[in-house]
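Reader: I'm new to this one. Can you put it up and take my questions as they come?
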Amino acid sequence: MRAARLIKMVLLLQARPSMTGPELAQELEVSERTVARDVLSLSEAGVPVYADRGRSGGYRLIGGYRTRLTGLGRSEAEALFLSGVPSALREMGLADAASAARLKVSAALLPELRDAATGAAQRFHLDAPAWYQEPRTPALLPAVAGAVWDDRRITARYLRKDTEVERQLEPYGLVLKAGVWYLAARAQGDFRVYRVDRFTAVEVPDGGEDGAEGPTDGGRFIRDEAFELPTFWAERAAQFARSLLREEVVVRLSTHGVRRLPHVTERAAAEEAIDAARSGDGPDAQGRLTVRLAVESAEVAYAQLLGLGPEGEVLHPPALRERFAAAARRTAALYA
C-alpha cells in the first residue's frame with residue numbers, strides 16, 4: 001500500500017510543476033504529516049524531491065527527473081477505457097484504478113502534452129442518467145462488475161415480478177441505460193438481460209468444476225469469442241421496444257402533427273408509421289396524413305397522443321376515439 005502511494009506521489013509531482021502539502025494529502029488521502037514522511041523516504045531513495053518553504057511553497061521534482069514506473073496494471077488499463085463515464089466508474093468501484101491509470105499515462109506524455117486529458121475532460125462529458133431521475137447505485141453492482149471483469153460465474157437471486165428465483169449466470173457485460181444498470185449474461189446456454197437493481201443476492205464462487213465447460217480456474221467460465229456486447233444490446237433493445245408495441249391505432253395528422261408524432265410516442269414506431277403512410281396513399285386533399293401507429297396499449301396511446309392536441313385525430317379504435325372526443329369536449333368547456 002505504501003509503495004503504491006509513493007509511486008503515485010512521484011507521478012503527481014512529475015505531472016505538475018509543484019504541489020502543496022495539503023494538495024498532496026488530499027490526492028493521496030493521507031495526512032500532511034504522512035506526506036512529509038513520504039517525501040523524506042523518496043529523498044532517501046534517491047528521488048530528487050525538493051521542498052519550497054513559505055506560504056506559497058510546496059513540493060516539486062528537480063533536475064528534470066522522470067520515473068519509468070508508468071506501466072499500467074490490467075485493472076488500470078481496463079478502467080482507463082471507461083474514464084469518459086466517471087459516474088459508472090464510481091458505481092462499479094473502479095474510480096481509484098482509473099485515477100492511477102490517468103496519472104501513469106500523464107507521466108508518460110511529453111510535458112507539452114500533459115494538459116491533453118484535462119482539456120478533453122473540460123470539453124466533453126457523458127451524463128448517463130435521464131432527467132428528473134435520482135440516480136441510485138445498485139448495492140450489488142460492484143460484485144457483479146467484479147465477476148464481469150474476471151469472467152467468473154455467479155449464483156444470483158433475482159426478483160421476477162413478485163417471485164424470487166435463483167439462477168446460475170455467466171456474466172458477459174454491463175450496460176448503463178438512462179441511469180439503469182443491466183447485465184447481459186448467459187444462462188442455460190441462452191443470452192439474457194437482467195436489471196441489476198433486481199438482484200437480491202450475488203455469490204461469486206471461489207472455484208470448482210463445471211461439467212458443461214470442464215474444469216475452471218477459480219470459478220471462471222470460457223467466454224464466447226463471437227459475443228459482442230454493443231451488437232447484442234442493440235438487438236435486444238430493439239426486440240424489447242417492439243415487444244411492448246402490441247396494439248395499433250389509426251391517427252390522421254396535420255403537417256405539424258407529423259413533425260410532432262416522433263416526440264410524443266415511441267420514435268422508431270412513429271417514423272416507421274409515417275414512412276409507410278407516405279409511401280402508401282400519402283396526404284389527403286387537406287394535406288393530412290393517416291398513419292397506422294403501433295402502441296403499447298390504448299391507455300398509453302391516450303396519454304401520449306394527447307400531446308398532439310388538435311394536430312392529431314384518432315380514427316380507430318372507436319373506444320379510443322370517443323375518449324379523445326370526450327376529452328376535447330371537457331377542454332372546450334374549460335375555455336368557453
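Reader: What is the handedness of the crossing of α12 and α13?
Author: The crossing of α12 and α13 is right-handed. That term applies if the near helix is turned clockwise from the far one by less than a right angle; anticlockwise is left-handed. This is a predicted model: local features need pLDDT of at least 70, side-chain atom pairs count only at pLDDT 80 or more, and totals for chains, interfaces and linings use all residues. Residues are numbered from 1 along each chain as its sequence is written, and side-chain values use heavy atoms, with hydrogens and water left out.

Reader: At what angle do helix α12 and helix α13 pack?
Author: About 35°, with the axes 11 Å apart. Axes are lines fitted to C-alpha atoms, for helices over the stretch in contact, and angles run from 0 to 180 degrees between N-to-C directions. α12 covers residues 298-305 and α13 covers residues 318-334. Helices are DSSP runs (H or I, at least four residues), as are strands (E, at least two), numbered from the N terminus.

Reader: Which residues in α12 meet α13?
Author: A298, E299, A301, Y302 and L305. On the α13 side they meet L320, R323, F324, A327 and R330. Contact means heavy atoms within 4.5 Å.

Reader: New topic. Where is T265 found?
Author: T265 is in the loop between α10 and α11.

Reader: Is T265 buried or exposed?
Author: Buried, because its relative accessible area is 9%. Buried means under 20%, exposed over 50%, partly exposed in between (1.4 Å probe, protein chains only).

Reader: What does T265 contact?
Author: Leaving aside neighbours within four places in sequence, T265 contacts A270, L293, Q304 and L305.
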